[in-house]
Every structure is written in C-alpha cells, then in structure tokens.
Amino acid sequence: MKITNLGSRDHASFYVACELFNQISEQPKSILGLATGGTMIEVYHYLVELLLKNKQDVSQIETFNLDEYVGLSQDHPESYHHYMQDIIFNPYPHFSKDLIHVPNGVAPDLEEEAERYESLINQQGPVDIQILGIGENGHIGFNEPGTPFDSPTHVVDLTESTIKANSRYFDNEAEVPKQAISMGLNSIFKAKRIILLAFGKSKREAMMRLQEGKVNPDVPATILHEHPNVEVYVDDEAMP
Ligand code: PGA
C-alpha cells in the first residue's frame, strides 16, 4: 500500500479523475467500482469534465456502486442511486443503463438482493479500479468495524458513528437510515486495483490507524494491507 499526500483535496481529486479517465479511454470495456459520499464529489466533477471535453465513448463501461441505504427509493435525494444520477450519469448521459449497478435498497427481500448483487459482481468482474472513501471509524463501503474479512455483499446495521457522520447529508440524525446493503470486504478485495481517498481532519485518525500497517478487524480499511495493488491519496489535513 502506498500512501501519498497530494497536498490539496482539489489536486488529489483531479489526479484520481485522470486515473479513472485513463482507465476508461484505454480500456473501453472497463469495470469500475464506484463510491459515493462527500469525498468523491470533486473527483466525479472532474471526471465528467474530462469525459465531456474528450467526447469519450462510455457505452461499454460497466459500473458497480459499493452500497445503498435500505429504505431509500431511487429518487430519494439522499439515495446513492440519486447521487450517481445527479453527479455522473445525468451530466454525462452516455453510459448504458443496463451496465450501471447500484444495490436496490428497497428490494422486497434484502438478503436476496445482496446475493443477486454479489453474483453479478462475480459474473461480470473483476472490477478494474475500485474507488473507496474511508469512514471516520475506518469503514470502507459500509463495512463497519468487526466485519469479517471474508464478507460478501450483505445487509449492514450502521453504527452510531456512521449515522452521526452521515447526518450532515440529512435534515436530522433521525432521518438517516439505520441499515444499508454494502459490498463486503471480500467483494472489494477482488478488484484488480484499489484507490482510497481521504480528505480533511475528520479522517486523520482513521488514516493513522491505516498507516500503522497492521491488519485489524476493528479498522476494516486495514485489510487493504493484504491487497497487492492499493494506492491511498490524502490531503494535508488527513495526513497523519
Ligand atoms: P464521506 O464518506 O466521503 O462522505 O466522508 C466516506 C465513507 O464513509 O466511506
């Protein structure tokens, strides 16, 4: 694992957008593992800008999102379906709809939905580049502390820390869903290349734990030490 401080959030976001763009333009049938959250917003803005400037063909690009809140419909403004439409798929409307995958948080049978999603990743994968943020508690996707390293896509109970951190996107804490469907640590681990981004002081502690270099189930991101191809980019504030 290589941890690099790219100074500012803006520089790091542009750098990662270029990496995604290069993957797309060099391999038009790439599979991208995409994350949501505040960390990714500038990355995706820059990516859309690059796609637009280059009129890039993305018709064969397949995408798998990491997670979705349970109980939020696709058009709920805080659902990750909505986030992706708003930030990438509407501004650059050339992706093939049937190649865009986000777990369905309102599926009648959530366990069955998690299994369906995992099978689809296994069938279509491996993911070429998986982008990750990191939670203040060290989670990746919604894999909260204590998640087994061999977990597939599964239904997750969100921790207090995550509910509190994500309440900034909702009117109040009570509105934050208590569960999500998330790719598991094992699903994430199958990607060929992983890029994790961490910005701001609130991520510094998680980054400290990651930098210690020990694999620790209480800090799920530390499993990435066992993956052969992981890059981590941070800004000054998140650098331990
Ligand atoms: P954030 O979330 O980008 O909104 O900080 C990251 C995460 O919880 O994984």
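Biologist: Which residue in β3 is the bridge partner of Leu34?

Modeller: The bridge partner of Leu34 in β3 is Asn65. Please keep in mind that this is a predicted model.

Biologist: How many bridges link β2 and β3, and in which sense do they pair?

Modeller: Strand β2, which covers residues 31-34, pairs with β3 in the parallel sense, over 4 bridges. Between these strands the chain passes through α2, and this β-α-β crossover is right-handed.

Biologist: And how many bridges join β3 and β5?

Modeller: There are 2 bridges between β3 and β5, and the pairing is again parallel. Thr63 stands opposite Ile100 of β5.

Biologist: Which way do the residues of β3 point, and are they buried or exposed?

Modeller: Glu62 and Phe64 point one way from β3, while Thr63 and Asn65 point the other way. All of these residues are buried.

Biologist: What is the order of the strands in the open sheet?

Modeller: The sheet has 7 strands, and the order is β1-β10-β9-β6-β2-β3-β5, with parallel pairing. At the edges stand β1 (2-5) and β5 (100-101); each has a single partner strand, so one side of each lacks a neighbour in the sheet.

Biologist: Let us change topic. Which residues of the largest nonpolar core touch the most other members?

Modeller: They are Tyr44, Ile88, Phe95 and Ile140, in a core of 70 residues. Helix α2 supplies the largest share of this core, with 7 residues.

Biologist: What is Phe95 in contact with, leaving aside its neighbours within four places in sequence?

Modeller: Phe95 is in contact with Leu51, Val58, Ile61, Ile88, Phe89 and Ile100.

Biologist: Which residues does UniProt list for "active site"?

Modeller: The UniProt record, an unreviewed entry, lists Asp67, Asn137, His139 and Glu144. Of these residues, Asp67, Asn137 and His139 are included in the lining of the largest cavity.

Biologist: Where is Asp67 found? And why does Asp67 count as buried?

Modeller: Asp67 is in strand β4, residues 67-69. Asp67 counts as buried because its relative accessibility is 5%, and the cut-off for buried is under 20%. Leaving aside neighbours within four places in sequence, the contacts of Asp67 are Thr36, Tyr80, Val102, Pro103, Gly141, Phe142, Ile181 and Ser182.

Biologist: Is His139 buried or exposed?

Modeller: His139 is buried, at a relative accessible area of 10%. His139 is found in the loop between β6 and β7 (154-157). Not counting residues up to four places away in sequence, His139 touches Gly133, Ile134, Glu144, Thr162 and Pro220.

Biologist: One last topic, the backbone. Which residues does the cis peptide bond join?

Modeller: A cis peptide bond joins Gly125 and Pro126, with omega about 5°. Pro126 lies in the loop between α4 (110-124) and β6 (129-132).

Biologist: What is the phi of Lys55?

Modeller: Phi of Lys55 is near 45°, a positive value in a residue other than glycine. Most residues other than glycine have a negative phi, and most peptide bonds are trans. Lys55 is in the loop between α2 (41-54) and β3 (62-65), and Lys55 is exposed, with a relative accessible area of 73%.

How values were computed
Residues are numbered from 1 along each chain as its sequence is written. This is a predicted model: local features need pLDDT of at least 70, side-chain atom pairs count only at pLDDT 80 or more; totals for chains, interfaces and linings use all residues. Side-chain values use heavy atoms; hydrogens and water are left out. Buried means under 20% relative accessible area, exposed over 50%, partly exposed in between (1.4 Å probe, protein chains only). Two strands pair if DSSP finds at least two bridges between them. A crossover is right-handed if, with the strands pointing away from the viewer, the path from the first strand over the helix to the second runs clockwise. A nonpolar core is a set of buried Ala, Val, Leu, Ile, Met, Phe, Trp, Tyr and Cys residues joined through side-chain atoms within 4.5 Å. Contact means heavy atoms within 4.5 Å. UniProt positions are given in the numbering used here, feature names are shortened, and annotations may be inferred rather than shown by experiment. On a 1 Å grid over the protein atoms alone, a cavity is a set of points where a 1.4 Å probe fits but cannot get out, and a pocket is an open set with protein on both sides within 12 Å along at least five of seven lines; lining residues have an atom within 4 Å of a point.
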